[in-house]
Amino acid sequence: MLNDPRTVRITGDDIAAVFRRADDADAERRPTDRRDGPVPEAYVWCNLTSGNGTRALWLLLLPFMVVNLAHWMRPTARGRGRLVRLYGLLVRLAGLSLTVLFVAAACEVALDLAAWQCAGTHACAARHSWLGFLSPEASDGGWWSLPGRRLALAALVPTALTGLLWYLSLRTWSAYESQQPMAHEIEPEEPEEEAGPTALGRPGFWYGRRLVARLRAAHTAAGLLTVAATVGSAAARHDRAPGGPAALGVLGPLLEAALFACAAVVVWVVCRRGRTDRRLDGELDTRVVRLLPLAALALLVLTLVYAGWQRPGWESAGRLSGDATFGAITLAQGLLVIVLAAVAHALYRSAPDRRAAMRGLAGPAVAMLACALGGVMSGGVAQRVSDWLDGTGASIPGPPVVLTWQASVIPPLLVLLLGLCGWLARRAWRIARDERATVAHEFPDEAGDPARTRRIAYARAVAALTDRAPRIVAVTSAATLLLGAGALVGALTTDRTPGQAAQGTYAVVHGAAETAQALGSWLIGLGFLLFVTWGRRAYKDASARRTIGILWDVGTFWPRAAHPFAPPCYAERAVPDLTWRIETWTRSTGGRLVLSGHSQGSVLAAAAAWQLTPATRNRVALLTYGSPLERLYGRWFPAHFGPAALGALHQEVDCWRNLHRLTDPIGGPVRLPGDRGPGVDRPPLGDPLAYGRTEAHPLPAPILGHSDYQADPAFAEERRRLLARLRPEVPAPRHPGEPDGGVRSGSGAPIP
C-alpha cells in the first residue's frame with residue numbers, strides 16, 4: 001500500500017493499525033524537511049476479518065450472519081416509522097428462531113439420536129461401546145440407564161454449546177466492538193424518515209452495546225429453555241400416562257408453565273427494544289442481562305432433576321418430539337418471512353427506488369435463505385449422526401420425518417439452481433458477443449486479435465453478471481419458501497418419509513420420491529462434510545482463511561442488530577479508529593487529507609466520513625476505486641447507502657472522485673442523480689491498459705478486473721487533482737464535471 005519496504009506503525013495494535021513509511025514517521029515535526037507531496041498513511045484492518053485460524057470456526061455461525069444482514073436491507077421509508085420498527089422486530093424474531101433451531105439440532109443429535117434411540121436399543125448400543133453405561137442391557141440396569149437420566153446427561157452437550165455461543169459473543173464484543181466512537185452531539189428525537197439520509201452518521205450507530213447485551217441474554221436463555229423443554233417434555237409425557245407418579249404428574253405441568261412463562265419473557269425482551277443510535281448509549285439493562293440467563297439455567301437444572309427421578313417401567317421407544325419441534329420452527333420461520341415481505345413491500349411503496357434490489361424485498365429473501373441454511377445445517381448434522389450411529393441397519397427410527405422431507409426437496413432445488421446457472425451462462429455469452437464489437441471499436445488502431453478480444457469481452461460479460469444477483473436470490477428464495485412449505489405439509493399430513501408416503505401411488509411418483517429422499521439425504525450429508533472440510537482447511541491455510549475473510553468483509557460490516565451470536569462487526573472497531581485518527585490529526589495539524597479506499601475500504605471510508613464533525617468533513621476529499629458503494633451497498637442496503645445518502649456525502653465532503661472498470665465484478669459507478677454523477681464518476685477505465693504490445697507495455701498487459709487500480713495512470717492523475725484542489729497555495733483549474741471544493745493541502749490515507 002505504501003510502496004516502501006520500510007514501514008512503521010504510527011498508532012494501533014496487532015489487530016488494526018495505521019502505518020507510514022519510515023521516512024515519514026515524524027513528518028509533522030519536520031515540515032521544512034519533508035519532501036514535496038502528501039504524507040501517505042495506510043490503515044490495515046485485514047486481521048479483523050481473516051486473522052488467526054479460529055476465524056474459520058465462524059463458518060458455523062453463517063446463518064446468524066445472514067439473518068443479521070436482512071435487518072440492514074430494509075427499504076428506504078417515508079412516513080412509516082412504525083413499520084420500520086416492525087421490520088426490525090420481525091428480523092430479530094427470525095434470528096431468535098435460528099438460535100432455537102441451532103440448539104434443537106444439538107438436542108436432536110445428543111438427546112434423541114444418541115441417548116434416547118441408540119442407547120435405548122441394544123443392537124445400536126452394542127456397536128458403540130462408549131454408550132454401554134447408558135444402555136439398560138449392556139449396563140445391566142445401571143444408574144445412568146434410566147431414560148430420564150440418559151437425557152439429563154446428554155443435555156450437557158447442547159447446554160455446553162449454548163454456553164460456548166454466549167462466551168464467544170461476549171469475548172468478541174470485548175475484542176472487536178467495545179471501542180467507543182468519538183462523542184457527538186445527541187440528535188433530537190424525530191421520526192425515522194426525517195432523521196437524515198442515512199443512519200451511519202448518528203453518534204451511536206457504531207456502538208450497539210446495549211442491544212447486543214440484551215439480545216445475548218435473551219438468546220442464551222432461549223437456548224437453555226430449548227434444552228429444558230426437550231428433556232422435560234419427554235418426562236412429562238410419561239407422567240401424564242395413566243398410572244404415572246402423582247407427585248411428578250403435578251410437578252411436570254408446573255415446570256412446563258414456568259418454562260412457558262420464561263420463554264414469553266425472552267420474546268418480550270427481544271421485541272421490546274431495538275437499536276438506540278441517536279446517542280452513544282453506554283447503559284446496560286443489568287437486570288435483564290444477568291437475571292434472564294440465570295433464571296433459564298435454574299429452570300434447566302430443575303428440569304434435569306425432575307427428569308432424572310426414578311420412574312419404574314419407563315422405557316425409551318420411538319422418537320422424542322422432534323417432528324413437532326422442527327415443524328413448529330419451520331412454520332414460524334415461514335410466517336415471519338411472509339409478514340416481513342409484506343412490511344418491506346409497504347415500506348418500499350412509501351419511497352420507491354428503482355435501483356433497490358428486488359423492489360425492496362431483498363431483506364425478506366435473505367432472511368428466508370438464512371432460515372434455509374440453518375435448516376440444511378441442522379438436517380445435515382442429524383442425518384450424518386444417524387447414519388453413523390445406525391450404520392446400514394434400521395435399528396433406530398432415525399431423525400424426525402420433517403427433516404427427511406426437507407432433505408428431499410434439495411434435489412429439485414438444485415435442479416432449479418442448475419437452470420439458473422444455465423441462464424447466467426447464456427446471458428454471459430450474449431453479453432460477450434455484443435462486447436466483442438465494442439472492444440474492437442475501442443481499439444481501432446490495433447491489429448485485430450480474436451482471442452484477445454474474446455478474453456476482454458468475456459471479462460466484461462462475467463463482471464456484468466453481478467447485476468443479475470437480485471434475480472437469482474429472488475428465484476432461489478421463493479422456491480425455497482414453496483418447497484419448504486410443501487415439505488412441512490407432507491411431513492405433518494403423512495407422518496412418514498416421502499418414500500413411505502408415496503407407496504401405493506404411480507410407480508414414477510414412488511420412484512421419484514425414493515430418489516429424492518435418498519439423494520437429498522446424501523447431498524445434505526455431503527454438504528455438511530464439505531462445510532466442515534472447508535472450515536478445517538481454512539483453520540490451517542492462511543490463503544483459504546483470506547477467502548473466508550472476503551465473505552466476512554460484507555457480512556460482518558454491519559453491527560449485530562438482529563442476532564448476538566453472529567460473527568463480530570469489524571466496522572465497530574475500524575470506523576472509530578479512522579474517525580479518531582482523522583479528527584485528532586486535523587485538529588493538531590490544521591491539515592487537509594485525501595481519504596482513499598479500494599473495494600470494501602471505500603465503504604469504510606464513507607462510513608468514517610459520515611462520522612466526522614461537519615468542520616472536519618469539509619477538510620476531507622474522497623478517492624474511491626473498485627468501490628461497491630452503489631453497485632452492492634446502494635442496491636442491497638438502500639436505507640443506508642441509497643441515492644439520498646450518497647448524494648449527501650458528496651455535498652458534505654470537500655470533493656469526491658470514483659474510479660471503476662467494466663471488467664470489475666464488484667466495483668462500479670456511484671451513479672449520483674442529475675449533474676452530480678459526472679462530478680464523482682470518472683468514465684470507465686480502460687482494461688487492459690494496452691490491447692497489444694507497445695513501447696510502454698512490451699508484454700501483453702493483463703486484464704486487471706477488480707485489482708491493482710494504482711497501475712492505471714488515471715489513479716495518479718485523479719489523486720493529483722484532488723491534492724491540488726486541497727492545497728491552498730496552488731490553485732487548480734476547474735475541469736468540466738469536477739465537484740465543487742476548496743483548494744487545500746493534506747495527507748493521504750489509503751484503505752485496502
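Modeller: Let's begin with Asp-495, which sits in the loop between helix H15 (469–494) and helix H16 (498–501). Its phi is near 55°, a positive value in a residue other than glycine. Keep in mind that this is a predicted model.

Biologist: What makes Asp-495 exposed?

Modeller: Its relative accessible area is 53%, and exposed means over 50%, so Asp-495 gets that label.

Biologist: Where is Arg-359, and what is its phi?

Modeller: Arg-359 is in the loop between helix H10 (322–350) and helix H11 (362–390). Its phi is near 55°, again positive in a residue other than glycine.

Biologist: Now Asp-390. Why is it called buried?

Modeller: Buried means under 20% relative accessible area. Asp-390 has 7%, so it counts as buried. Asp-390 is found in helix H11.

Biologist: What does Asp-390 touch, not counting residues up to four places away in sequence?

Modeller: Arg-127, Ser-395 and Ile-396. For a touch, heavy atoms have to be within 4.5 Å.

Biologist: On to the cysteines. How do you know that Cys-118 and Cys-124 form a disulfide?

Modeller: Their sulfur atoms are 1.9 Å apart. The cut-off is within 2.5 Å, so the pair counts as a disulfide. The structure holds 1 disulfide. The angle about the S-S bond is -90°, and the link of Cys-118 and Cys-124 is left-handed. Both cysteines are buried.

Biologist: What about Cys-262 and Cys-371: why do they count as buried?

Modeller: Cys-262 has 9% relative accessibility and Cys-371 has 4%. Buried means under 20%, so both values qualify.

Biologist: Let's do the rings. How many aromatic pairs are there?

Modeller: The count comes to 23 aromatic pairs. One of them is Phe-205 with Trp-206.

Biologist: What makes Phe-205 and Trp-206 a pair, and why is it called edge-to-face?

Modeller: The centres are 4.7 Å apart, and rings pair within 6.5 Å. The planes make 80°, and over 60 degrees counts as edge-to-face, so both labels follow.

Biologist: Are Phe-205 and Trp-206 buried or exposed?

Modeller: Buried. Phe-205 has a relative accessible area of 0%, and Trp-206 is at 0% too. The label needs a value under 20%, so each of them gets it. Phe-205 and Trp-206 also belong to one aromatic cluster, with members including Trp-45, Trp-72, Phe-557 and Trp-558.

Biologist: How do you know that Arg-149 lies over the face of Trp-143?

Modeller: Arg-149 is at 4.0 Å from the ring centre. The distance part of the rule asks for within 6 Å, so that value passes. There is an angle condition as well, within 35 degrees of the ring normal.

Biologist: Which ring does the charged end of Arg-311 sit over?

Modeller: The ring of Tyr-306, 4.7 Å from its centre.

Biologist: Last one: what kind of peptide bond joins Asp-687 to Pro-688?

Modeller: A cis bond, with omega near 10°. Pro-688 is in the loop between helix H25 (677–680) and helix H26 (713–726).

Key
Residues numbered from 1 in each chain as written. Predicted model: local features only at pLDDT ≥ 70, side-chain atom pairs only at ≥ 80, totals over all residues. Heavy atoms only, no water. Phe/Tyr/Trp six-rings, centres within 6.5 Å; stacked < 30°, edge-to-face > 60°. Buried < 20%, exposed > 50% of the residue type's maximum accessible area, 1.4 Å probe, protein only. Helix = DSSP H or I, 4+ residues; strand = E, 2+ residues; numbered from the N terminus.
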